[in-house]
Amino acid sequence: MRCITVCVAVAALGVRASLVRRDDAHHPETPDTAPNLPIIPSVPFLGNDAMPSSPPSYPSPNTTTNGWWEHPVKRARKDVHAMSLDDLATLVTGSGYGNGPCVGNIRPIPSIDFPGLCLQDGPTGLRGVDYATAFPPGITVAGTFSKELMRRRGTAIGREFRGKGANVYLGPMVNLMRAPAAGRNWEGFGADPYLNGEAAFQTVLGVQNERVQATVKHYLANQQEHFRNTGSSNLDERTEREVYLHPFMRAIQAGVVSVMPGYNFVNNSWMTQNSALLNDRLKRELKFQGYTVSDWGAQHSGVASALAGLDMTMPGGTSCCDTNLTSFWGANLTQAVTNGSVPLSRVQDMATRILAGYYFVRQDEGYLKPNFNFMDIDDPATNEHVDVMADHDVISREISTAAIALLKNANATLPLHKPKKIALIGSDAGPFALGLNYYPDNIGWPYGALSMGWGSGATMNSYLVTAYEAIQQRARRDHTAINWSFDDFDYVNARKVANYSDVAAVFVTSLSGEGYGTVPNSKPVDKAANMGDRNNITLWNGGEKLIQEVAAINNNTIVVVHAVGPVLMEEWIEHPNVTAVLWAHLPGSESGTAVADVLYGDYNPSGRLPYTIAKQRRDYPAEVLYNSDAPQPQINFTEGLLIDHRHFDAKDIEPRFEFGFGLSYTRFNYSALDVEFIGDYGHNWNHKWGHHKAPDGLPSWLFEPAVRVSFTVRNTGDMDGHEVPQVYLRFPNDSGEPPKVLREFDRVWIPRGDTVHVHHTLSYYDLSVWSIPHQQWRRSPGTYEILVGASSRDIRLRHSLL
Ligand code: BGC
C-alpha cells in the first residue's frame, strides 16, 4: 500500500444564468455559416451590449519587494537609479526584428553591465534551431494529466534554452480551447481552466528553476486566428476571472517572470494598452511583479501603452516583422518622458520589472550568450550548433506515450500479442518523402508522420521515429509479417495490404496552426485552405474514407489519430471492424515509439482527453468567428463559463467521448471517500468569506487549505498501471456554476492488486465564485458536493459538504 499526497490551490468556476444556442439549421461544417453569437442583455459586460468596453485603470502600479521578489527588485531599483533615460528606453525596446540572433532581442546596457536579452519561441521547445528537442506540445502533456510530467518537460525545455544562451522562453501558452477549431489550441493545455492552470504552474517552475525566464501567453482571451489583430473578445468579469485569467494567476503563483499581452482586443481595448487588464487585474489584483512584453507587432501606441501597463515592446519596430526600426518607444519614449506625456517613474518601473526578472532567475551569474542565429541557422559565422538535447528523448517519449488515450478496445483486441501479420496504412505511419523540416515553421500540406502544428510554436525535428520504424523493429523480433501503404488516397493498395492481415492499423491526422500560415488539407486542393483555425473538425487528407475502406476488408482495424484537437468520429467509430482507437495527440519526435509501446502493452495506456469529443460540431458551445465585415469584429463569449465539458453537462448533451476519458488495460476500483474540514474555522468554514476585504490584491487566506479530500483506488485487474482520479466540485444549485467543475487531478501508479490512498487539498479559492456586485471571491450559500471519478462522466464517489 502506498500513499500519495497532492496539495494544490485550485480555481473556482462559474456559469452565466442563460445560454444562447446556435441555430441548428446552420450546417455545422461550413465555416461561413458559423454565426456570431448575440450578446445576452443580462450579461454584465461593461459599456453597452453592442460595444462592450474595458474600464480605465490608472496609474500603473509599481512592482513590489514582496516575497520571493524582494532581492531581485531591490537590485533592479539600484541599477535603475544609475541609468540614463536613453538606457531605460533601450532596455524596454526590442532592437528590431533581425537585429540580433533571436526572435526578440534587447540590446546590452554597458553602464550597468547588462548583456542584453535573447527572447526565443516557443512553447514546444526551441523554434527554428538545430540540435534541440521537438518536445511533445502542450496539448499532449495536458493529455497525461500528470503534474510530474508537466514539471519534467518544463525542466528539460529550460535546460535547452539555457544551453543555447536564450534568456527567455516564450511559453507556456495557456489560451484555453474555447472553440475546438481554433488554430493554436495545440500549443496550450486543453479546454479546462484548472488543467491549464496546473500545467502552467508546473511548466513555469520547471523552466525557471533552470534559470530561464518564462513568458506566459497570450494575455488575455486570445482565442482564435481569424481576425487575430482586429477581433475583440468580449466577456464579462466573472467569466474572465474564473475561466481565462485562472491559468495566468497560477503562472504568477509559480513566479512567472513575464506575461505577453496578445494581438487581440478584450472588450474593445487592444490588449497591449488595456489598462483594466494590465494595470488593474495583473499588477494590482494579482500582484504580478515581473514585466509584460507585447506580442510581436501587437503594440499600437507609445504613450497609451506605457500608461496602461506595457513594460517591453517586441520586436521593437511598429510592426512585425521587418527590420525597419521605427518604434513607438526607443527615442519616442525618451521624448514622451521629456515632454511630460509619460512620467519618468513609469519607465523606471518598466525597467525595474525587466531587470528584476533577470535577477530573479539569476541570469547575472554566468549565463551564456546566444550561440545560435535564428535568422540564419546555416551561417557558419554565427552558429555554434551546440547540442542541447542531452537525454531529453527519454522524457519526450514518456510524455508522448503517457498521453495516448485508449478510446476503444473491443474484445480486448489490445495489447497485441505477436500478431502473425500487420499492416500499417496512411501517410502518418511513415516518413515524409521530402524529409524533416521541409516546411519552415511546419507551414505546409501534411504528408507523412505528423509531429506538431504550425507557426511560431513549432520546432524543427532533429529526428522523428515513425510508427513504421518502431513497429518494424518489433515485427522483426516477433516474426510478424509487416507491410504498409503510405498513400492516403490509394484505397486500392490500402485494401490490398490490409486484406489477410490479422491487424490493420490506420494512421490519420488533423492539423492547425498560427494565422500567419495558410495550409490546405486535402489533395487535390479542393477546399479553402486553413488560415490557422481549422475549417472543419474532420480528418485531413480524407482520413474517414481511408478508415472505412480498410475496415470494409479487415475486421481488426485499429485507428491511430494524431490531432491538434477534437475530430468528429461518427462516420467510423461504431464500425464493428474498428476494434481499437488510440488518441495520440501530437507526439513531437517520439511518434512511433509511443504508439508501439501502447499497442504492444509495454505501456499500459493512461492518457485522458483534455477536451470533449462531440458527436457533431454544433454540440460545442463556442465557435471560431470566420466571417465579418466589421473593422473590429465582435467575438462575444456568450457561453460564459460553459465551455467544453461544463456545457455538455449543463445542457445534458451526450458527447462521443467526454473530457477526462481514457481506458486502461487494467481495472480500478474507487472507495473510502473522506472529506475533512481543515481550515481555521473547522466546520464553520463560512466564516472566512465576507469578513476579509482586500481592496488591493487578493487576500492570502483565499489560498489556504480549507478541505481535505481522501479516497483509495485499487488496481483490481491483472496489469500494473497508472490511474488518473479526478476530483470535481458541485457548487450549490443557485451558484450559477456548471453542474461540475474540475478541482484536482493527478496520475498515480498502482501495481496490480495494490491500493493507493490519494489525498488532495482544496483551498477557499477553489470553493469560491467571483461575485461581480461584491467584487470579491465568495462562498455560494448551500450544499457543495465533492465528486471523484475516472472521467468527467464516470463519477465513482460522492460526498456532500455543508
Ligand atoms: C506569436 C507569439 C510568438 C511571437 C514571436 C507571434 O506571432 O503570436 O506567440 O511568441 O510571434 O515569434
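Which residue takes a positive phi in the hairpin of β25 and β26? I began with this question, keeping in mind that the model is predicted.

**Entry: the hairpin**

I looked up the hairpin of β25 and β26 and found 4 residues between the strands, with Gln-775 taking the positive phi, near 55°. I then turned to the pairing itself, where strand β25 (residues 768–771) and strand β26 (residues 776–779) run antiparallel and are joined by 4 bridges. Within this pairing I noted that Ser-768 has Arg-779 of β26 standing opposite.

**Entry: the disulfides**

**Entry: Cys-102 and Cys-118**

The disulfide I examined here joins Cys-102 to Cys-118, with an S to S distance of 2.1 Å. I placed Cys-102 in the loop between α2 (85–92) and β2 (104–106) and Cys-118 in strand β3 (residues 117–120), so the pair ties together parts that are 16 residues apart in sequence. I also looked up the torsion about the S-S bond of Cys-102 and Cys-118, which is about -100°, so this disulfide is left-handed. Are these two cysteines, Cys-102 and Cys-118, buried or exposed? I found that both Cys-102 and Cys-118 are buried.

**Entry: Cys-320 and Cys-321**

I then looked at the disulfide that joins Cys-320 to Cys-321, for which the S to S distance is 1.6 Å.

How values were computed. Residues are numbered from 1 along each chain as its sequence is written. This is a predicted model: local features need pLDDT of at least 70, side-chain atom pairs count only at pLDDT 80 or more; totals for chains, interfaces and linings use all residues. Side-chain values use heavy atoms; hydrogens and water are left out. A disulfide is a pair of cysteine sulfur atoms within 2.5 Å. Helices (H or I, at least four residues) and strands (E, at least two) are DSSP runs, numbered from the N terminus. Buried means under 20% relative accessible area, exposed over 50%, partly exposed in between (1.4 Å probe, protein chains only). Two strands pair if DSSP finds at least two bridges between them.
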